[in-house]
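Colleague: I am new to this one. Please show me the model, and then I will ask how you know what you say about it.

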Amino acid sequence: MNDALKELYQDVIIDHYNHPRCNEPIVPATSEADGVNPLCGDEVSLTLKIQESMVVSEIGVCTQGCSICTASGSIMAEELEGKSISDIKSSIDAFKGMMAGGDVLSSTSGDIEALSGVKLFPVRIKCALLPWMTLQQAIDQYEGVSKENHISTEE
Ligand code: ZN
């Protein structure tokens, strides 16, 4: 990575850290989850509004944490809001793959690419992953709940 690109990526992360997007909790939420990264002290509180069409229309990410975790949550919410659950699941998998050294995930804003540099700092990978893992948890929980509802309506 050349220096100009590195600087651009740092600017993107600092901008999201100073002005986190989608950082208001969604009330009432269709699903919610909390994530903690004890290594760094990062805490993410995530709320979602999920439509019956399985589109996640609103994402709220409230982060108390370091710049990488806050920026990652902000970038994630901005990129994934309005997408379907299945698209979001593939993006989460692709992001985890990117952090494990796989292909860089491209985004409409170009901001996810800025997080690709984090994989060079192994101790920070968990910071970048936390909002995405918490989102996964909120979606799993929603699907668990909707499955239960489905079973109960069949009785
Ligand atoms: Zn952190």
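Colleague: What makes C127 count as buried or exposed?

Modeller: Its relative accessibility is 1%. Buried means under 20% relative accessible area, exposed means over 50%, and partly exposed lies in between, with a 1.4 Å probe and protein chains only. Therefore C127 counts as buried. A caution first: this is a predicted model, where local features need pLDDT of at least 70 and side-chain atom pairs count only at pLDDT 80 or more, while totals for chains, interfaces and linings use all residues. Residues are numbered from 1 along each chain as its sequence is written, and side-chain values use heavy atoms, with hydrogens and water left out.

Colleague: Why does C40 count as it does?

Modeller: C40 has 37% relative accessibility, so it counts as partly exposed.

Colleague: And why is D42 called buried?

Modeller: D42 stands at 0% relative accessibility, so it counts as buried.

Colleague: Which atoms coordinate the zinc ion?

Modeller: C40 (SG), D42 (OD), D42 (OD), C66 (SG) and C127 (SG) do, at 2.2 to 2.7 Å. Donors are N, O and S atoms within 2.8 Å of the metal (3.2 Å for Na, K and Ca); water is not among the atoms, so sites may look incomplete. Along the chain the donors follow the spacing C-x1-D-x23-C-x60-C. C40 sits in the loop between β1 (31–37) and β2 (42–50), and C127 in helix α5 (residues 122–154), 87 residues apart. Helices (H or I, at least four residues) and strands (E, at least two) are DSSP runs, numbered from the N terminus.

Colleague: What is D42 in contact with, leaving aside its neighbours within four places in sequence?

Modeller: Contact means heavy atoms within 4.5 Å. The partners of D42 include G35, Q64, C66, C127 and L130. D42 itself lies in strand β2. Its side chain reaches the backbone nitrogen of C66 at 2.9 Å.

Colleague: How do you know what span helix α1 should have?

Modeller: The expected span is 1.5 Å times one less than the number of residues. For the 16 residues of α1 (residues 3–18) that gives 22 Å, and the end C-alpha atoms are 22 Å apart, which agrees.

Colleague: Which residues of α1 are buried?

Modeller: Y9, V12, I13 and H16. They cover an arc of only 90° around the axis, so they are on the same side of α1. The arc is that of the directions from the helix axis to the C-beta atoms. These buried residues pack against α2 (67–80) and α4 (112–115). The face turned away carries the exposed residues D3, A4 and E7.

Key. A polar contact is a pair of N or O atoms within 3.5 Å; within protein, one must be able to donate a hydrogen and the other to accept it, and residues adjacent in sequence count only if both atoms are side-chain atoms.
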